Amino acid sequence: MSDSVPYLDLPAQLRAIRSDLDQAIARTIDKCSFCLGPDTAQFEKDFAAYIGTKHALGFNSGTSALHVALLLLNVGPGDEVITTPFTFVATSWAISYVGARPVYVDIEDGSMNLNPALVERAITPRTKAILPVHLYGHPFDLDPILAIAKKHGLPVVEDACQAHGAKYKNQTVGSFGAISCFSFYPGKNLGACGEGGALLTNEPAFEKRGRALREHGSTVRYYHDEIGFNYRMEGIQGAVLGVKLKHLPHWTAERTRVAHRYHELLKDTPLQLPAEAGYARSAWHLYVVRHARREELKKHLEKNGIGCALHYPLPLHLQKCYASLGYRPGAFPVAEKAARECLSLPIYPELTELQIQRVSAVVHDFFRA
Ligand SMILES: Cc1ncc(COP(=O)(O)O)c(C=O)c1O
């Protein structure tokens, strides 16, 4: 159908920068620098400068960066980490991988991020870290969470996997916590041509040990100081990300344009629209609307050729894999309601005015019927 709108249009993004990508990849192949290497090292410098931290370490995924973040904080079996139940599951994987227990805290209805007012009462003597998420590219409320963390001597790890370039009170997210982690999964605002991730920190000891942990626990080849991992970023991904990083500010501006157009065109519908908090400049990774008749609306959009998605249909405390944690339905009512109502509309820098109007018209049709 000619007036269909895909949920994501990666080919459009790649077309625009294809020759630069081809050249960068060809240079990496010529150098045979496939694992880490100079392109990854350069990207690490550029990304650290972009976010505003001293160090960035390239990883093979956001999940592995999160795993190493908790290892660096010496979180282990018997420990608890406070986090959100309303996120992609990988946030909790990191906690599980180190043998600790995710302790969920409900979210705010507006931003759908961890609710700072509920964090303190979840702290126990076993709590070792707080791991909130900048969900959909919208910053979580950092000041109150950092204040609670400071009061209790707990480190904050920012899961910034969806929030490249988002700002909290004019400072780029990923530069606040003891450690922050990013994903470069292809569909992210900054995506590799494959898997990728990064761990950012200002702390020299974390940088040093983080580099060792991502590379088999060694700083000197074939000498292994602790049990490590093969979590290296591929050289080709470093080269690709170096090319794409230069476009990120423009892409974020284009995402913001799309979001603002949706705000205008959808404001007279019964949908709950995503709003930026006063402190936030969202990176607009996703544009998530909410409505009680979400399932019907989703079917209506799909029938009319509009791609859409659910982020996320089931909160983590109700996932089968976490049944042993013992949470019951009703434990986190705000997250559970968000999971029932959320619907992600297409948002990407290449989305045209006509496409935005088409999506909006199909939404209006639904509520007129
Ligand atoms: C909030 C969040 N955390 C963690 C991850 C994990 O990143 P990756 O897919 O690169 O392992 C993702 C993305 O997939 C994410 O959206």
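This is a predicted model: local features need pLDDT of at least 70, side-chain atom pairs count only at pLDDT 80 or more; totals for chains, interfaces and linings use all residues.
Colleague: Once a strand is placed, how do I read its faces, and which residues point which way from E1?

Modeller: The cut-off to hold in mind is that a residue is buried under 20% relative accessible area. From E1, His55, Leu57 and Phe59 point one way, whereas Ala56 and Gly58 point the other way, and all of them are buried. Because five of the five residues of E1 are buried, the strand is largely enclosed by the rest of the structure.

Colleague: Which elements cover the buried residues of H10?

Modeller: Helix H10 covers residues 333–341, and its buried residues are Ala335, Glu336, Ala338, Ala339 and Glu341. What covers these buried residues includes E11, E12 and helix H9 (294–303).

Colleague: How should I read the order of strands in a sheet, and what order do the three strands of the open sheet have?

Modeller: The three strands of this open sheet have the order E3-E2-E4, and their pairing is parallel. E3 and E4 stand at the edges, each with a single partner strand, so one side of each is left without a neighbour in the sheet. From one strand to the next, the twist averages 30°. As an example of the pairing, strand E2 (residues 80–83) is joined to E4 by four parallel bridges, and Glu80 stands opposite Thr127 in E4.

Colleague: In which loop is Asn113 found, and what does its side chain reach?

Modeller: Asn113 is found in the loop between strand E3 (101–104) and strand E4 (127–131), and it counts as buried because its relative accessibility is 1%. Its side chain reaches the backbone oxygen of Pro139 at 3.3 Å. When residues up to four places away in sequence are left aside, Asn113 touches Ile107, Glu108, Val133, His134, Leu135, His138, Pro139 and Phe140.

Colleague: How do I read salt bridges, and how many does the structure hold?

Modeller: The general idea is that side chains of opposite charge can pair when their charged atoms come close. The structure holds 22 salt bridges, one of which joins the side chains of Arg358 and Asp3 at 3.5 Å, N to O. Arg358 lies in helix H11 (residues 353–368) and Asp3 in the segment before helix H1 (10–31), so this pair ties together parts that are 355 residues apart in sequence. Both partners are partly exposed, Arg358 at 22% relative accessibility and Asp3 with a relative accessible area of 33%.

Colleague: How far apart in the helix are Arg257 and Glu254?

Modeller: An α-helix has 3.6 residues a turn, so residues three or four places apart point the same way. Arg257 and Glu254 are three residues apart in helix H8 (residues 248–266), and are therefore separated by about one helical turn; their side chains meet in a salt bridge at 2.8 Å, N to O. Arg257 counts as partly exposed, at 27% relative accessibility. Salt bridges can also be read as a network, as for Glu44, Glu207, Arg211 and Arg214, which are linked in one.

Colleague: Finally, how many residues surround the ligand, and which are the closest?

Modeller: The ligand is surrounded by 15 residues, of which the closest are Gly62, Thr63, Asp159, Ser183 and Lys188. The side chain of Gln162 has an N or O atom 2.9 Å from an oxygen atom of the ligand.

Notes. Residues are numbered from 1 along each chain as its sequence is written. Side-chain values use heavy atoms; hydrogens and water are left out. Helices (H or I, at least four residues) and strands (E, at least two) are DSSP runs, numbered from the N terminus. Buried means under 20% relative accessible area, exposed over 50%, partly exposed in between (1.4 Å probe, protein chains only). A polar contact is a pair of N or O atoms within 3.5 Å; within protein, one must be able to donate a hydrogen and the other to accept it, and residues adjacent in sequence count only if both atoms are side-chain atoms. Contact means heavy atoms within 4.5 Å. Two strands pair if DSSP finds at least two bridges between them. Axes are lines fitted to C-alpha atoms, for helices over the stretch in contact, and angles run from 0 to 180 degrees between N-to-C directions. A salt bridge is a side-chain nitrogen of Lys or Arg within 4 Å of a carboxyl oxygen of Asp or Glu. A residue is near a molecule or strand if one of its heavy atoms lies within 4 Å of it.
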